[in-house]
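Below are my notes on the structure, as numbered points. Please read them with the model open.

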Amino acid sequence: TVCCQCTHCTELCPRNLLGHSINPHKLMRSLSALVQDPRARMEALLCCECGICEKFACPMGISPREVNMLIKKELMKEGVRWPATGEEPVNNPMRDVRYVPTKRLMQRLDVLKYDTHPGMPEERFVPERVAIPLAQHIGAPAQCLVKEGDRVAKGDLIGEIPEGALGARIHASIDGVVTSVEDGVVRISRNG
């Protein structure tokens, strides 16, 4: 397929919108006309390979991303690097109005049928008993503040950070009675 030079790939290119001098349509033109454009070839180094040019922008269904990717590999083998000037790129003034809408991209890729979300279950699961480890992080394990037989409410502090240590406080996740404290685990049961 031949590039029709509509420039949509360049207009929607995220790197171009950020102010980088990448013009995928010029690269495609140089390929189709068999005219070597060294500047367009170098611009392949700026491609982030996001695929917007081929999956969304191109009405001809050709792939500037793949061409950029192949040229970039070639240039990297040759040891060619982008000549950085040290200047910060200036955003394209059209950047804020050329974002690709996610739903339209999903529609174009024919994946909207997979964008389904199950509803929340009607019943809430309420556990009868829980086992809460006092070491739930990379820091020091919490020091237990409860003992077997203690009654606790949901949210009560059951483990405190040791003095001068990096750690996290541990809280009860249900109302109930502490049935055991062993091996660094506090077990709580609703019925005691």
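Notes on the predicted model

1. D183 is exposed, its relative accessible area being 79%. This residue sits in the loop between strand 6 (176-182) and strand 7 (185-189). Most residues other than glycine have a negative phi.

2. With 25% relative accessibility, Q5 counts as partly exposed.

3. Helix 6 covers residues 64-77, which makes 14 residues. From first C-alpha to last it reaches 20 Å, close to the 20 Å expected at 1.5 Å a residue. Its buried residues are P64, R65, V67, N68, I71, K72 and L75. Viewed down the axis of helix 6, these buried residues fall within an arc of 155 degrees, so they line one face of the helix.

4. Just after helix 6 comes G79, with a positive phi of about 80 degrees.

5. Nine salt bridges turn up in a search of the whole structure. In one of them, the side chains of E74 and R41 meet at 2.8 Å, N to O. E74 lies in helix 6 and R41 in helix 4 (residues 38-43), so this pair ties together parts that are 33 residues apart in sequence. Both ends are partly exposed: E74 has 43% relative accessibility, and R41 has a relative accessible area of 24%.

6. A salt bridge also joins the side chains of R65 and E66, at 3.9 Å from N to O. R65 counts as buried at 17% relative accessibility, whereas E66, at 39%, counts as partly exposed.

7. D115 and K103 form a salt bridge in which the closest N and O atoms are 2.7 Å apart. D115 is in the loop between helix 7 (102-108) and strand 1 (129-133), while K103 is in helix 7, so the pair ties together parts that are 12 residues apart in sequence. D115 is partly exposed, with a relative accessible area of 26%; K103 is partly exposed as well, at 49%. Elsewhere, salt bridges that share partners join R41, E74 and E78 into one network.

8. Is E43 buried or exposed? At 5% relative accessibility, E43 counts as buried. E43 has its place in helix 4. A polar atom of the E43 side chain lies 2.9 Å from the backbone nitrogen of N23.

9. The structure holds zero aromatic pairs. One ring does have a charged neighbour: R108 lies over the face of F56, at 4.5 Å from the ring centre.

Technical notes. Residues numbered from 1 in each chain as written. Predicted model: local features only at pLDDT ≥ 70, side-chain atom pairs only at ≥ 80, totals over all residues. Heavy atoms only, no water. Phe/Tyr/Trp six-rings, centres within 6.5 Å; stacked < 30°, edge-to-face > 60°. Lys NZ or Arg CZ within 6 Å of the ring centre and 35° of its normal. Helix = DSSP H or I, 4+ residues; strand = E, 2+ residues; numbered from the N terminus. Expected span 1.5 Å × (residues − 1). Buried < 20%, exposed > 50% of the residue type's maximum accessible area, 1.4 Å probe, protein only. Arc of directions from axis to C-beta. Salt bridge = Lys/Arg side-chain N within 4 Å of Asp/Glu carboxyl O. Polar contact = N/O pair within 3.5 Å; in protein donor to acceptor, adjacent residues only side chain to side chain.
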